[in-house]
Amino acid sequence: MTGQRADARRNYSRILAVAEAEVAQHGAAASLEQVARTAGVGSATVRRHFPTRQALLEAVFQERIQALCGRADELSRTEDSRAALLDWLRAFVEYAVSARGFADALTYESPTDAPAGDAPHSCGAVLDSAAAPLLRRALRDGTVRPGVTFHDLITLVVGIALATEHFAEPSVQADRLFTLAVEGLSPSP
């Protein structure tokens, strides 16, 4: 936004604040027209700042994405590679469950296992870059099944978040499902 006129910066900030509230209430399906009306701007102004719904959602979730990236960096110094990866994944699940629309935003992204070269700043690509060292180390140490990809992990998190969003206490159910996925169906010996 550097170099923009003051009114353009104000519009951007106002649109983003309104979009955050709309997404919190309606999820990824929040109406862009409603965002424009509530922000007091035309829909063309919204589209000028956020050309796609995905661009708007990424802006809404940017701060939390950065927090998850920071957490991945902190955990990269943890000795136990499996514990570090699982701690990060648990934080990812907690956020995906608590931030309505976030899991939906991740489902818009390419379902390939390759890093998102076309969209290096997308939510998934940024998270992939942050978590890649954790996953690589766990794979190297043999603490995670060979062949596990970041796409597998993001699919697991999105699936848990979407499956639990209509529960009275989605975070409790999500934690239960995450634990089940990590520990498996077999009882402990």
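Q: Which helix gives the most to the lining of the second largest pocket?
A: This is a predicted model, and in it helix 5 gives the most to that lining, with four residues.

Q: What about the lining by class?
A: The lining of the second largest pocket is made up of ten nonpolar residues, one polar residue and three charged residues.

Q: Switching to packing, how do helix 5 and helix 7 cross?
A: Their axes come within 8 Å and cross at roughly 150°, and the crossing of helix 5 with helix 7 is left-handed.

Q: Which residues meet there?
A: From helix 5 there are S81, A84, L85, W88 and F92, and they meet L127, A131, L134, L135, R137, A138 and D141 of helix 7. Sorted by class, the residues of this contact of helix 5 with helix 7 are nine nonpolar, one polar and two charged.

Q: Where do helix 4 and helix 7 stand, roughly parallel or roughly perpendicular to each other?
A: The axes of helix 4, residues 53–75, and helix 7, residues 123–141, cross at roughly 10° and come within 9 Å. An angle under 35 degrees counts as roughly parallel, and helix 4 and helix 7 are therefore roughly parallel to each other. Their crossing is left-handed.

Q: What makes that contact?
A: Helix 4 brings E58, I65, Q66, L68, C69, A72 and L75, while helix 7 brings C123, V126, L127, A130, A131, L134 and R137. The residues of this contact of helix 4 with helix 7 divide into eleven nonpolar, one polar and two charged.

Q: Last topic: at what angle do helix 1 and helix 4 pack?
A: Helix 1, residues 6–26, packs with helix 4 at an angle of about 85°, and their axes are 10 Å apart. Since 65 to 115 degrees counts as roughly perpendicular, helix 1 and helix 4 are therefore roughly perpendicular to each other.

Q: And which residues meet in that pair?
A: Y12, L16, A19, E20 and V23 in helix 1 are in contact with L56, L57, A59, V60 and F61 in helix 4. By class, this contact of helix 1 with helix 4 has nine nonpolar residues, no polar residues and one charged residue.

Conventions
Residues numbered from 1 in each chain as written. Predicted model: local features only at pLDDT ≥ 70, side-chain atom pairs only at ≥ 80, totals over all residues. Heavy atoms only, no water. Axes fitted to C-alpha atoms, helices over the stretch in contact; angles between N-to-C directions. Helix = DSSP H or I, 4+ residues; strand = E, 2+ residues; numbered from the N terminus. Parallel < 35°, antiparallel > 145°, perpendicular 65-115°, else oblique. Left-handed = near helix turned anticlockwise from the far one by under 90°. Contact = heavy atoms within 4.5 Å. Nonpolar A, V, L, I, M, F, W, Y, C, P; charged D, E, K, R; others polar.
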